[in-house]
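Dear colleague,

Please find below the structure for your review. A summary of the findings follows it.

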Amino acid sequence: TLGRPALGLALDWQSDTRWFAGLETHRMFDDSNAPRPWATMFYLGAGESIGERGFLSGSLQRRNFPTSNVPWNFTEFELEYDHQLTAQDRLRISVDYASDYYSLETSAFTTEVNYSRNFGRRFFVHAQLGALHIADQSQLPSYEYGRLGGGVRFKPFVFDFSVNFTSES
């Protein structure tokens, strides 16, 4: 967002079996001179329990940028392992692959680690560290990123506040 605030919305659906789907959208408040002021992501996936505390899932994600003046849209595959460490602590590890990252005719591979901790039923904190490697860096560099945040739950709503950082703009 080039240091400017944005508003996001996420809708998730989980079936009684292993299937899930969702939509995320983010829009900058001040979108002047921004290459991608509005982003949407649709996803569909399935998962399976691994032992008593683990869950392995795979998903296909489509990212679109409706108001962009450049064709940035792309599709990626994600594999994620989610592990409930304790009743309060959760660890997720994921890898993503896109064969035509941001429509730049180059592939990208991402690894990410997420940690979250619940404080009772309402409050939580979370942290994320990740790295993205781009095969052909002539148009975009590889980079590292992270997030630190927390929030509060009021069923059926969740309010999440976070600070994000990246090693590249």
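P156 is placed in the loop between β9 (143–154) and β10 (157–166), where strands are DSSP runs (E, at least two residues) numbered from the N terminus. The peptide bond from K155 to P156 is cis, with omega near 5 degrees. Please note that this is a predicted model, in which local features need pLDDT of at least 70 and side-chain atom pairs count only at pLDDT 80 or more, while totals for chains, interfaces and linings use all residues. Residues are numbered from 1 along each chain as its sequence is written, and side-chain values use heavy atoms, with hydrogens and water left out.

As background, most residues other than glycine have a negative phi, and most peptide bonds are trans. S103 is partly exposed, with a relative accessible area of 30%, whereas E105 counts as exposed at 75% (buried is under 20% relative accessible area, exposed over 50%, partly exposed in between, with a 1.4 Å probe and protein chains only).

Regarding the overall fold, 10 strands form an open antiparallel sheet in the order β1-β2-β3-β4-β5-β6-β7-β8-β9-β10; two strands pair if DSSP finds at least two bridges between them. β1 and β10 stand at the edges with a single partner strand each, so one side of each is left without a neighbour in the sheet. Within the sheet, β5 (residues 74–84) and β6 pair in the antiparallel sense over 8 bridges, and the bridge partner of Y81 in β6 is I93.

The largest nonpolar core has 10 residues, among them F65, W72, Y101, L104 and I134; such a core is a set of buried Ala, Val, Leu, Ile, Met, Phe, Trp, Tyr and Cys residues joined through side-chain atoms within 4.5 Å.

Finally, R18 is found in the loop between β1 (6–14) and β2 (19–28) and is partly exposed, at 43% relative accessibility. The side chain of R18 makes a polar contact with the side chain of E48 at 2.9 Å (a pair of N or O atoms within 3.5 Å; within protein, one must be able to donate a hydrogen and the other to accept it, and residues adjacent in sequence count only if both atoms are side-chain atoms).

Yours sincerely

Technical notes
Helix = DSSP H or I, 4+ residues; strand = E, 2+ residues; numbered from the N terminus.
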